[in-house]
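Here is a guided look at a protein model, taken one part at a time. Keep the structure open beside you as you read.

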Amino acid sequence: QPNVVVVLHSGSPIAMPWLDKVAGVLQMFFTEISIICFGLTLGIIQVFTAFLTNRITMDELTQINNRTKLMQYLEGYMERHTEGEETDLHFLMIDLDDFKWINDTYGHVEGDRALIRIAGVLKKTLAGHAGILARYGGDEFCIAGEMLREEAEHLIKNLYENLEKANKQAASPYDIGMSVGCAQFTKEVRTIPDLVNSADEDMYL
């Protein structure tokens, strides 16, 4: 009997060999009921659940996590660190420069292309890094993950370098600019609003 497979939004199938084994054992005891069909139905339900979760937590335009997923990540992290200790969680807020000018000058379709371009730069730069990348809203993006301050600064440096390369490669009448602020989860910065405000303040220092 083939394994039940769940396909996530990334297109990578996840085999679930335990499901058909469980169904096979149950079938031995309930011979009048098609447990195998039940197992397949459960697999379909899991596929549908994964699909709905993806729709709820994925930004449709940029195909990265949305604010809902970011909040889930940060809330879960803070629940696991309630003793008041300082951790290595760093939070980056990225804001596109002159985004309103791009929309007003070239139209909202081109504005969407600018958001997709910056999202591509962020994904490329973060490849291999643990943590989360999300669109916070509008022209704002966020990165959160455990890293040393030096690693966060190196990441920011790579972001600017990769954005410069992307601007040179793009057949676009304008260059995209960005501003980045960095905050750390500390004894003084304990909540999500604290992190956002601290990153905003750092952005404009």
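## Strands side by side

Met93 stands opposite Cys142 in S5. Keep in mind that this is a predicted model. The two residues belong to a pairing in which strand S3 (residues 89-97) and S5 are antiparallel, with seven bridges between them. S5 also has strand S4 (residues 132-137) as an antiparallel partner, joined to it by five bridges. In that pairing, Leu133 stands opposite Ile143 in S5.

Is strand S5 largely enclosed or largely open? Of the seven residues in S5 (residues 140-146), five are buried, so the rest of the structure largely encloses this strand.

Now find helix H5, which covers residues 108-126. H5 has 19 residues and spans 27 Å from its first C-alpha to its last, close to the 27 Å expected at 1.5 Å a residue. The buried residues of H5 include Gly111, Ala114, Leu115, Ile118 and Leu122. In an α-helix there are 3.6 residues a turn, so residues three or four places apart point the same way.

What do the buried residues of H5 pack against? Their partners are S3, S4, S5 and S6, together with helix H4 (99-106) and helix H6 (149-169).

## Aromatic rings that meet

How many aromatic pairs are there? The count comes to three.

Together with Tyr174, Trp101 and Tyr106 make up one aromatic cluster. Another ring to look for is that of Tyr136: the charged end of Arg67 sits over this ring, 4.0 Å from its centre.

## Positive phi angles

One backbone angle deserves a look of its own. Most residues other than glycine have a negative phi. Which residues have a positive phi although they are not glycines? Gln63 is one of them, with a phi of about 60°. Gln63 lies in the loop between helix H2 (35-57) and H3, and its 48% relative accessibility makes it partly exposed. Asp98 is another, with a positive phi of about 55°. Asp98 is in the loop between S3 and H4, and its relative accessible area of 58% makes it exposed, because exposed means over 50%.

Glycines with a positive phi can be found here as well. Gly138 takes a positive phi near 60° in the hairpin of S4 and S5, where two residues lie between the strands. Gly128, which follows H5, has a positive phi near 90°.

Methods: Residues numbered from 1 in each chain as written. Predicted model: local features only at pLDDT ≥ 70, side-chain atom pairs only at ≥ 80, totals over all residues. Heavy atoms only, no water. Phe/Tyr/Trp six-rings, centres within 6.5 Å; stacked < 30°, edge-to-face > 60°. Lys NZ or Arg CZ within 6 Å of the ring centre and 35° of its normal. Buried < 20%, exposed > 50% of the residue type's maximum accessible area, 1.4 Å probe, protein only. Helix = DSSP H or I, 4+ residues; strand = E, 2+ residues; numbered from the N terminus. Pairing = 2+ DSSP bridges. Expected span 1.5 Å × (residues − 1). Contact = heavy atoms within 4.5 Å.
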